[in-house]
Amino acid sequence: MEPELPTIFSAKRTSFVRSSVIREILKLTVENSDLLSFAGGLPNPHLLSKDVLSSVMESVVRENRNIALQYGDSSGYLPLRNQITKGLTDVPWISSDSITITHGSQQGLDILGKMFMDSDTNVLLEDPVYLGALQAFSPYHPQFFTVPMETDGPNLFWLEEILSQNKIHIFYANPSYQNPSTYTWSVEKRKQIASLLDEKEIILIEDEAYRYLDFEGNVYPSVSSFRKRRDLTFVLGSFSKILSPGFRLGWTVVPDVYRSLFTAIKQGNDLNSNQFSQVVVSKLLEVLDWNEHLRSIQIFYSEKKETLVSLLKEYLPEAKFSDPEGGMFLWVEYPKVSPKELMKQCLASGVAMVPGSEFSPANKSSSQFRMNFSFLGKEEMEVGVKRIAKVYRDINT
Ligand SMILES: Cc1ncc(COP(=O)(O)O)c(C=O)c1O
């Protein structure tokens with residue numbers, strides 16, 4: 001008798017789980033060292049001084065071992081929450097009690113999905129949208145709506161249409177140097193949308209992962225800072241792009257009424273965020289000249305962006321994109337080719353980028369690709385762009 005095949009038992013929600021092509025490509029990059037990847041969103045690890053980091057870690061081990069090697073407060077290490085309150089958010093009404101330190105801002109997305117989303121929750125997203133948010137929200141199978149984006153933010157005509165025709169409960173938005181488009185909402189749109197959300201009583205989840213990555217050193221006021229309904233306003237921040245994703249630390253500004261629920265869900269996830277990382281990051285914030293540190297990151301990324309822009313202009317003038325004000329990506333349209341074919345041939349030729357369909361809830365086909373410029377060196381970028389140009393021309397002839 002044939003042995004019975006084991007059946008996989010899993011909860012219904014797992015049928016809505018989305019995988020990430022980006023993580024698959026990252027895996028390929030590790031397996032194949034010749035693959036040049038514009039696909040990831042990897043910050044450059046050399047932007048944090050080795051010497052400063054070593055001396056901070058040593059002092060944490062010598063002086064703060066009892067705290068750093070212990071379980072901690074589920075809301076996060078208080079000195080770090082105070083530092084975030086003072087210097088890393090512009091939401092005027094908050095105190096350190098409003099901040100919960102999360103395991104990356106990604107955990108904040110996961111907790112908010114668990115907290116608010118069911119199959120009858122209407123969630124508005126930007127189109128395109130950050131893939132990690134789709135991954136966090138999709139298991140709860142909410143109804144997704146999307147608003148078309150312009151280079152200075154959502155198309156207001158469509159936004160008003162959507163809000164007037166549907167009861168939207170939540171708007172998830174990434175208004176500064178958005179991943180993947182790097183579009184950045186104008187201050188005027190931020191104000192108008194904040195008041196529209198107040199009027200319609202909509203929860204805003206504002207993702208500020210790239211807040212400090214402006215090439216000129218500007219910082220946009222958050223949409224949340226213009227809102228009156230602070231009880232409906234969540235703001236996510238991250239240390240990944242300004243220190244290192246290796247710490248896996250971010251934070252969520254949580255309104256008073258939701259605080260104990262948010263903390264209880266987090267406790268079910270991980271009890272508390274990595275305590276060792278929190279103490280190290282808190283010390284780093286004390287010893288680094290913060291403005292100088294941020295400026296060096298911004299200048300570094302700005303130069304990298306210039307390199308990719310000029311390479312594309314030189315080797316692939318057919319590629320269309322708008323020049324971003326900050327962030328880590330170019331959102332590039334490759335006209336007149338099948339995106340699937342381009343992706344397949346590029347991978348076969350040893351170069352990767354992320355197809356735009358990944359950033360759409362319904363995997364809508366798109367002629368856009370997301371290209372990261374923060375990680376590859378100049379020569380690698382040149383070889384990579386030449387490979388893409390060759391593939392593009394071969395397909396088109
Ligand atoms: C828009 C956006 N939000 C959130 C995250 C998650 O960041 P982390 O969990 O590293 O803080 C990312 C990561 O790339 C992102 O691009």
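Q: How much space lies in the second largest cavity?

A: First, this is a predicted model, where local features need pLDDT of at least 70, side-chain atom pairs count only at pLDDT 80 or more, and totals for chains, interfaces and linings use all residues. Residues are numbered from 1 along each chain as its sequence is written, and side-chain values use heavy atoms, with hydrogens and water left out. A cavity here is a set of points on a 1 Å grid over the protein atoms alone where a 1.4 Å probe fits but cannot get out; points are joined across faces, edges and corners, and the volume is the space filled by probe spheres set on them. For the second largest cavity that gives about 40 Å³.

Q: Which element gives the most to the lining of the largest cavity?

A: The largest cavity holds about 90 Å³ of space. Of its 14 lining residues, the closest to the centre are E208, R211, Y212, G237 and W251. Two elements give two or more residues each, β8 (233–238) and β9 (250–253), strands being DSSP runs of E, at least two residues, numbered from the N terminus. With three residues, the top contributor is β8.

Key: 1 Å grid on protein atoms, 1.4 Å probe; cavity = no way out; pocket = protein on both sides within 12 Å on 5 of 7 lines; lining within 4 Å. Helix = DSSP H or I, 4+ residues; strand = E, 2+ residues; numbered from the N terminus.
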